[in-house]
Amino acid sequence: MQIGTAAPTPLELAEAPHHFIHHKSIQEAYSVGTFEKDALLKLDDLFTNHEVVIMVGGSGLYVDAVTKGLDHFPEVDKSIRENLNTQLEKEGLESLQKQLKDLDLETYNTIALKNPQRVIRALEVCIGAGKPYSSFLNKDKNNRPFKTITLGLTADREIIYNRINKRVDIMLEQGLLDEVKTLIPHKNLNALNTVGYKEVFNYFSEEWTLEFAISEIKKNSRRFAKRQLTWFKRNEKTLWFDYLTASETVIKRITDEINKA
């Protein structure tokens, strides 16, 4: 999955030590909670020899899991999720949304209601715990033994979208179709239900034309980028830099922030 995930190239990997690149099989279940534990253990090790470690992301939830800690929810019976999935198939997402509105209005007003996985996750906690999903948020998060300085790069929306479109074209030139073809036997795995793979699977199953599949990859990538920007802009402490800012300027700002500690 080198091409579709846009993993660092061998040259990039050689320029600086990287961690958590191609370290899991698509067959292995891997959650954000497990990533939090693995990353913190790796940081404990890295901080014995380095004063500063750089984390690059990506998924805002995974970043927050490491820097801030996750919300902790009670274990619930697996049958609850199974029943909710059955309800989704028979009655549709709207019935689940209505149920969530009745059980937890706060969560109903804040989560992505069009995402069935988010709705089902909130509902299974409400039902299994007998308490609103929202009542478990922002409770008992662990303090971190390190200071986090968050940096963000900005560019005009048109530049971002043009680069995304070009990136998809480059992935196709590099052999994305051949890569996805080798993964068809595993297309039902959660790891492959991601942008760049699911669209090409639809092409190979003759549900979509190649032209439409490519347009969907670009569209879904742009939407993902928009969600990323929205997520990271919620952090008022983020230091934002235009993507053309000289690296020396950024490094100086980081140094100033470190020296404040």
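Relative accessible area sorts residues into buried (under 20%), exposed (over 50%) and partly exposed (in between), using a 1.4 Å probe and protein chains only. The model is predicted, so local features need pLDDT of at least 70 and side-chain atom pairs count only at pLDDT 80 or more, while totals for chains, interfaces and linings use all residues. Residues are numbered from 1 along each chain as its sequence is written, and side-chain values use heavy atoms, with hydrogens and water left out.

**Exercise 1.** Classify the aromatic pair of Phe20 and Phe35 and state where each ring lies.

Step 1. Rings of Phe, Tyr and Trp (its six-membered ring) pair if their centres lie within 6.5 Å; planes under 30 degrees apart are stacked, over 60 edge-to-face, and the rest tilted. The whole structure holds seven aromatic pairs.

Step 2. For Phe20 and Phe35 the centres are 5.6 Å apart and the planes at 65°, which is edge-to-face.

Step 3. Phe20 sits in the loop between α1 (10-15) and α2 (32-46), and Phe35 in helix α2, so the pair joins parts 15 residues apart in sequence. Helices here are DSSP runs (H or I, at least four residues), as are strands (E, at least two), numbered from the N terminus.

Step 4. Phe20 is partly exposed at 29% relative accessibility, whereas Phe35 is buried at 13%. Ring pairs also bring Tyr62 into a cluster with Phe20 and Phe35.

**Exercise 2.** Describe how α8 and α11 cross.

Step 1. The axes of α8 (residues 157-174) and α11 (residues 210-233) come within 10 Å and cross at roughly 135°. Axes are lines fitted to C-alpha atoms, for helices over the stretch in contact, and angles run from 0 to 180 degrees between N-to-C directions.

Step 2. α8 is therefore oblique to α11; under 35 degrees counts as roughly parallel, over 145 as roughly antiparallel, 65 to 115 as roughly perpendicular, and the rest as oblique.

Step 3. Contact means heavy atoms within 4.5 Å. Residues that meet include Ile160 and Leu172 in α8, and Ile217 and Leu229 in α11.

**Exercise 3.** Is Lys114 buried or exposed, and which residues is Lys114 in contact with, leaving aside neighbours within four places in sequence?

Step 1. Lys114 is in the loop between α6 (105-108) and α7.

Step 2. At 78% relative accessibility, Lys114 is exposed.

Step 3. Beyond neighbours within four places in sequence, Lys114 contacts Leu93 and Gln97.
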